[in-house]
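Welcome! Here is a short tour of a protein model for someone meeting it for the first time.

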Amino acid sequence: MEFVYNGLPSRVIFGAGKRNQVKEELERLGIERAIVLSTADQSTTGAQFAQLIGDRLGAIFPGAVMHTPVQVTEAAMHQMQQMNCDGILSVGGGSTIGLGKAIAYRTDLPQLVVPTTYAGSEMTPILGQTEGGMKTTLRSPKVLPETVIYDPELTLTLPDFISGPSGMNAIAHSVEALYAEDANPIISMMAEESIRALGGALPRVMADGSNIEARSEALYGAWLAGACLGSVGMAIHHKICHTLGGSFDLPHADVHCLMIAYSAAYNRDAAPEAMKRISRALGTENAPAGLFDLLQSVGRVKTLAGPGMTKAGLDKGAYLAVQNPFLHPRPGTRDGVCDMLQAAYEGRRP
């Protein structure tokens, strides 16, 4: 057995009600004037956190959007510079966390993140940004948040049409971590546990959004998934989802939720050990089919045609996805990826 494991430095606080420690954690990070980031939809939650931190509030920016457009980052930075902010408090899901990371990349300011979805981005040194209709991804320790507070009570108001796709997005991180070229037994253990936790919790969350135990289990699984995403390389699934999101403006979590079953099927024969772990975690004999069945119970978008993708766009998407080489169990070919997209467009069970 030979492997390399690099533990990422981060402070994690987990538990119901832990959001009330946010001011104390800002102080611990030396942040005196924080900019509070959120999306427009979560502006009320952002305002509540602004009240929680009291005299450590520098500015509020409720303008985060999907895929982290560069122009939005520049607008947020202009506001924080005007208000002399010296740190970042991101409250929300992947869009808000992405904005905070984009600011940290440019300024190297400390970040405190309070996730309200299951995206997992808060545990990674990865930043995806969009400019001119193209999404690019970079990896830097500068974008890794210093502290993350997980409070499952904040997910109680998360509607099922966001909870399901967000949780499947997290599962996608763990699935790809299992067949990463730089996989190691520690991350593989975390990935399998993440899939087990999320696979069991998400249907319960969908059935009863007020189930705090299910919410806690899902958030726990999402944390593990984020750690997997940040520790090892991702492959075709993340490549194609970034292409579909950045170039076709398809909804991030919904695309991840839909595509992971097809990405797993693409790699089924080339990654048998990963498939065995996924099957075990989901309690199924066929890993891609198990992921597909989970999609049917928790997903909002069931085919690529759902969010407005056209047949003509399938070949273009495949072409863009294989432009840059990437490490992968099965070679990424334009024809192979196009077939995968066609199956997702038709909603076929893998």
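Predicted model: local features only at pLDDT ≥ 70, side-chain atom pairs only at ≥ 80, totals over all residues.

Residues are numbered from 1 along each chain as its sequence is written, and side-chain values use heavy atoms, with hydrogens and water left out.

**Aromatic rings**

- Tyr220, the partner of Trp223 in an aromatic pair, is partly exposed too, with a relative accessible area of 25%.
- Tyr220 and Trp223 are three residues apart in helix α7, so about one helical turn separates them (helices are DSSP runs of H or I with at least four residues, strands are runs of E with at least two, and both are numbered from the N terminus).
- A search of the whole structure finds four aromatic pairs (rings of Phe, Tyr and Trp, the last by its six-membered ring, pair if their centres lie within 6.5 Å; planes under 30 degrees apart count as stacked, over 60 as edge-to-face and the rest as tilted).
- The Tyr220 and Trp223 pair is edge-to-face, at 6.5 Å centre to centre and 65 degrees between the planes.
- Ring pairs link Tyr220 and Trp223 with Phe14 and Tyr150 into a cluster.
- Tyr262 and Phe292 also form an edge-to-face pair, because their ring centres are 6.4 Å apart and their planes are at 80 degrees.
- Tyr262 belongs to helix α9 (residues 252-267) and Phe292 to helix α11 (residues 287-298), so this pair ties together parts that are 30 residues apart in sequence.
- Are Tyr262 and Phe292 buried or exposed? Both are buried.

**Charges over rings**

- Lys142 has its charged end over the ring of Tyr105, 5.3 Å from the ring's centre (a charge sits over a ring if NZ of Lys or CZ of Arg is within 6 Å of the ring centre and within 35 degrees of the ring normal).
- Arg330 places its charged end over the ring of Tyr266, 3.8 Å from the centre.

**Overall build**

- The protein has 13 helices and eight strands.
- With a radius of gyration of 19 Å, close to the 20 Å that the globule rule gives for 350 residues, the protein is as compact as a globular protein of that length (the radius is taken over C-alpha atoms, and the rule is 2.2 Å times the number of residues to the power 0.38).
- The C-alpha trace spans about 55 × 40 × 40 Å along its principal axes.
- Of the 350 residues, 54% are buried.

**Nonpolar cores**

- In soluble globular proteins, nonpolar side chains tend to be buried together.
- The largest nonpolar core here has 75 residues, and those touching the most other members include Leu244, Met259, Leu304 and Leu341 (a nonpolar core is a set of buried Ala, Val, Leu, Ile, Met, Phe, Trp, Tyr and Cys residues joined through side-chain atoms within 4.5 Å).
- Another core lies apart from it, with 15 residues, among them Ile35, Met80, Leu99 and Leu109.
- Leu341 is placed in helix α13 (residues 334-346) and counts as buried, at 0% relative accessibility.
- Not counting residues up to four places away in sequence, Leu341 touches several residues, including Leu244, Met259 and Leu304 (contact means heavy atoms within 4.5 Å).

**A buried serine**

- Ser194 is found in helix α6 and is buried, at 0% relative accessibility.
- The side chains of Ser194 and Ser174 are joined by a polar contact of 2.9 Å (a pair of N or O atoms within 3.5 Å; within protein, one must be able to donate a hydrogen and the other to accept it, and residues adjacent in sequence count only if both atoms are side-chain atoms).

**Loops**

- Most residues other than glycine have a negative phi.
- Thr68, in the loop between β3 (57-64) and α3 (70-82), has a positive phi near 50 degrees.
- Asp108 also has a positive phi, of about 60 degrees, and is placed in the loop between α4 (94-107) and β5 (111-115).
- Gly209 is in the loop between α6 (185-207) and α7 (212-231) and is partly exposed, with a relative accessible area of 27%.

Methods
Buried < 20%, exposed > 50% of the residue type's maximum accessible area, 1.4 Å probe, protein only.
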